[in-house]
Amino acid sequence: MLDELDSNGLGHGNSRGRNDESSRPLSDREVPIGSPRPAMAASVHAWLDGEATESQARRTGSSRDVDFWKRLDEDLATRRRLRTPAHLHAQIMNALPMHAPTLITPWWRREFVITPSSAIVVGTTLVVMAAAATALVFRTPL
Amino acid sequence: MRTTEPEQLVDQDDSDQRIIQRVLAGNRDDFTMLITRYSDPLYRHALCMTGSPDVAEDILQLSFIKAYQHLAEVRGRFDAWVFRIVANGCKDWLKNIRRSHLSYDEDDQPSGFATPEEELDRTELRSDLDVALSSLPASLREAFVMKHVEGRSYEEMADLLGTTVGALKMRVHRAREALQALLEEKYA
């Protein structure tokens, strides 16, 4: 049964997942999923997934469920035909930056190039800082 | 019930990469090819996740701007990468906003319903389904929309969301059960 699949696609451990789900607090936009009505037959789900024919779903499932989903599909078909509003393409293009996109690399991933002059500058700076720190540590109070 | 195949072709990676290279080389206008190619399924996703055309447009615009700015960082499929930007934008919006329901305007498609009564029924069903969808947890709504509105296969969904086919089947099944529980009294 497809309903019994857990997140790994295996058939065990389902009850634990459902318990976790039911004990989880619902947000204000959510509704409890558990309903008193009997679950839809697997054959109806298979039909909706394109894995079974309508007659199979009616034979082994519920004709009421099949009719309900055929009715709902009228609206879903309309939604499947929805297209982007005509003005939106131009609106997006107008909002794009004028310059070409460039790869932004964080400083810690950038390549460091050490030239002789930069090495001298860095070395001198470190020596001066070390000397200053040493003088500060060994300074004796008068 | 029929589910449609995603509109983008499977073997478009090379083409996308060539467009990306041209945009990175300074041909900014070529980016519109990527927008045209992928905006429709992304718009449907954002609209069904948020229930608001204005919000969906904002999310799509911000997502494509973000995609443009970080285009040099694309590794792998552009469509999967930009989908994740849009999906995260929708989730962020859902986390931050508190509202119950916003219906969207009629699409541009001609109506296939003959009478005003049928048109009224259609509008009512759409509104009720919007409310029911908005009451689902975001993860269930996302899975349901990807399956039934975007027409994606479970394998593609798993690839895009970085989870397993089994987990997604369970989410879609639970979303169906919840929607039917909410709507069947009126529509069954």
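A: Helices are DSSP runs of H or I of at least four residues, strands are DSSP runs of E of at least two, and both are numbered from the N terminus. In this predicted model, the elements of chain A read α-α-α-α-α-α from the N terminus on.

Q: How many helices and strands does chain A have?
A: Chain A has 6 helices and 0 strands.

Q: What makes a residue of chain A count as buried, and what percentage of chain A is buried?
A: A residue is buried if 20 or more other C-beta atoms lie within 10 Å of its own. Buried residues account for 14% of the 142 residues in chain A.

Q: Why are α7(B) and α8(B) called roughly perpendicular?
A: Helix α7 (residues 154–161) of chain B packs against α8(B) at an angle of about 105°, and their axes lie 9 Å apart. Angles of 65 to 115 degrees count as roughly perpendicular, and α7(B) and α8(B) are therefore described in this way.

Q: Which residues of α7(B) and α8(B) meet?
A: From α7(B), B:Tyr154, B:Glu155, B:Met157 and B:Ala158 meet B:Val165, B:Leu168 and B:Lys169 of α8(B). By class, the residues of this contact are 5 nonpolar, no polar and 2 charged.

Q: How many residues does each chain bring to the contact between the chains?
A: The contact takes 57 residues from chain B and 50 residues from chain A. On the side of chain B that touches chain A, α8(B) gives the most, with 14 residues. That side of chain B has 25 nonpolar, 18 polar and 14 charged residues.

Methods. Residues are numbered from 1 along each chain as its sequence is written. Chains are lettered from A and ligands numbered from 1 in the order in which they are written. This is a predicted model: local features need pLDDT of at least 70, side-chain atom pairs count only at pLDDT 80 or more; totals for chains, interfaces and linings use all residues. Two residues are in contact if their C-beta atoms, placed from the backbone, lie within 7 Å. Ala, Val, Leu, Ile, Met, Phe, Trp, Tyr, Cys and Pro count as nonpolar, Asp, Glu, Lys and Arg as charged, and the others, Gly among them, as polar. Axes are lines fitted to C-alpha atoms, for helices over the stretch in contact, and angles run from 0 to 180 degrees between N-to-C directions. Angles under 35 degrees count as roughly parallel, over 145 as roughly antiparallel, 65 to 115 as roughly perpendicular and the rest as oblique. A residue is buried if 20 or more other C-beta atoms lie within 10 Å of its own, exposed if 12 or fewer, and partly exposed in between; C-beta atoms are placed from the backbone.
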